[in-house]
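Here is a short report on one protein chain. Please keep the sequence and the model open while reading.

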Amino acid sequence: LLAAAALAAGATAYVFAFARERGAEARAGRLYFSWLGLAHVLIGTAVLLPDPAPALVWAALALVAVAVARTFEPAILQPQAAVYALAAAIGSGLFATSFLAIAAPDAAVRADTVSALVVLAAIVAATALLFREPPAAGPVPAFSGALISALGLGAVFVLLLRRPAANVMTASLPALRTIVVSVAAYVLAQLWRATRRGELRMLAYVVLVVGGLKLVLEDLPTGKPMTLFVSFVFYGAALLLIPRLMRSSAVRAKEAR
């Protein structure tokens with residue numbers, strides 16, 4: 001009953017936030033009631049619904065919030081979309097599964113569940129919509145969505161390719177992870193080149209630094225000559241290409257101005 005009351009209170013708070021007058025003088029009320037609604041919706045769905053329904057609902061709400069934010073109150077709804085996306089990633093197990101796939105020993109890696117994959121698809125779609133609109137609430141919503149998307153997609157590739165990679169060379173998981181991280185950093189740099197969004201530039205460098213730390217902490221202690229050669233080739237290529245790509249794009253942008 002308390003969970004149902006919380007969910008009803010959340011829905012009512014959203015009605016108060018967005019069904020009232022849309023003038024600038026009512027924005028403080030919209031801000032208060034919308035975040036009150038978010039808190040109650042999270043609590044109510046988490047307690048009332050059986051797993052994995054809450055995470056699926058939160059992922060859908062993240063996508064709806066981003067879609068609505070394209071035409072109304074993006075400064076309120078973009079951060080709310082990021083909160084719903086993070087809650088969905090944690091609640092579905094996507095975040096934990098992705099971390100295990102990228103960082104844990106082979107015995108700890110487990111396959112993604114269907115609900116986690118659905119949540120990942122919704123978060124990727126919401127993030128794509130976020131990058132099509134100006135960052136009305138600063139870079140954090142788009143950066144967090146891109147981070148979750150990159151982590152989840154990287155984990156999917158690791159889980160899909162670890163068995164084929166093991167057939168090619170033994171002790172291949174660290175090398176496979178380095179390949180995925182290096183390619184992810186390069187793809188993020190290319191996306192920054194296409195969109196000019198600083199969140200992607202920042203994330204590309206973060207992924208590159210993480211790849212370097214991973215190379216030192218995981219590949220070097222556990223790798224064999226063949227896997228180390230593959231790891232150094234891919235990470236070295238990313239380390240050389242990404243800064244050059246960033247500089248050349250910046251130079252062309254200045255020349256265009």
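## Basis of the model

This is a predicted model: local features need pLDDT of at least 70, side-chain atom pairs count only at pLDDT 80 or more, and totals for chains, interfaces and linings use all residues. Residues are numbered from 1 along each chain as its sequence is written, and side-chain values use heavy atoms, leaving out hydrogens and water.

## Overall fold

The protein chain has 10 helices and zero strands. Helices (H or I, at least four residues) and strands (E, at least two) are DSSP runs, numbered from the N terminus. Of the 257 residues, 44% are buried. Buried means under 20% relative accessible area, exposed over 50%, and partly exposed in between (1.4 Å probe, protein chains only).

Take the contacts in the protein chain with a separation of 6 or more: 70% of them come from residues 24 or more positions apart. Contact means heavy atoms within 4.5 Å.

Two packed helices are described by the angle between their axes and the distance between the axes. Axes are lines fitted to C-alpha atoms, for helices over the stretch in contact, and angles run from 0 to 180 degrees between N-to-C directions. Angles under 35 degrees count as roughly parallel, over 145 as roughly antiparallel, 65 to 115 as roughly perpendicular and the rest as oblique.

Start with helix α2 (residues 27-48). Its axis lies 11 Å from that of α4, at an angle of about 10°. The two helices are therefore roughly parallel. From α2, the contact uses Arg-27, Arg-30, Leu-31, Ser-34, Trp-35, Leu-38, Val-41 and Leu-42. From α4 come Ala-75, Ile-76, Pro-79, Gln-80, Val-83, Tyr-84 and Ala-87. By class, that gives 11 nonpolar, two polar and two charged residues. Ala, Val, Leu, Ile, Met, Phe, Trp, Tyr, Cys and Pro count as nonpolar, Asp, Glu, Lys and Arg as charged, and the others, Gly among them, as polar.

Now turn to α6. The axes of α4 (residues 74-91) and α6 (residues 114-130) come within 10 Å and cross at roughly 160°. This pair is therefore roughly antiparallel. On the α4 side, Gln-78, Ala-85, Ala-88 and Ala-89 take part, and they meet Val-119, Ile-123 and Leu-130 of α6. This contact has six nonpolar residues, one polar residue and no charged ones.

Helix α8 (residues 173-195) has 23 residues, which should span 33 Å at 1.5 Å a residue. The expected span is 1.5 Å times one less than the number of residues. The end C-alpha atoms are 32 Å apart, which agrees.

Thr-227 sits in helix α10 (residues 225-256). Thr-227 is buried, at a relative accessible area of 3%. Between Thr-227 and Ala-175 there are 5.5 Å in space, C-alpha to C-alpha, although they are 52 residues apart in sequence.

## Backbone features

Most residues other than glycine have a negative phi, and most peptide bonds are trans. Which residues take a positive phi without being glycine? Glu-73 has a phi near 45°, and Arg-196 has one of about 60°. Glu-73 is in the loop between α3 and α4 and is buried, with a relative accessible area of 11%.

The peptide bond joining Asp-51 and Pro-52 is cis, with omega about 0°. Pro-52 is in the loop between α2 and α3 (53-69).
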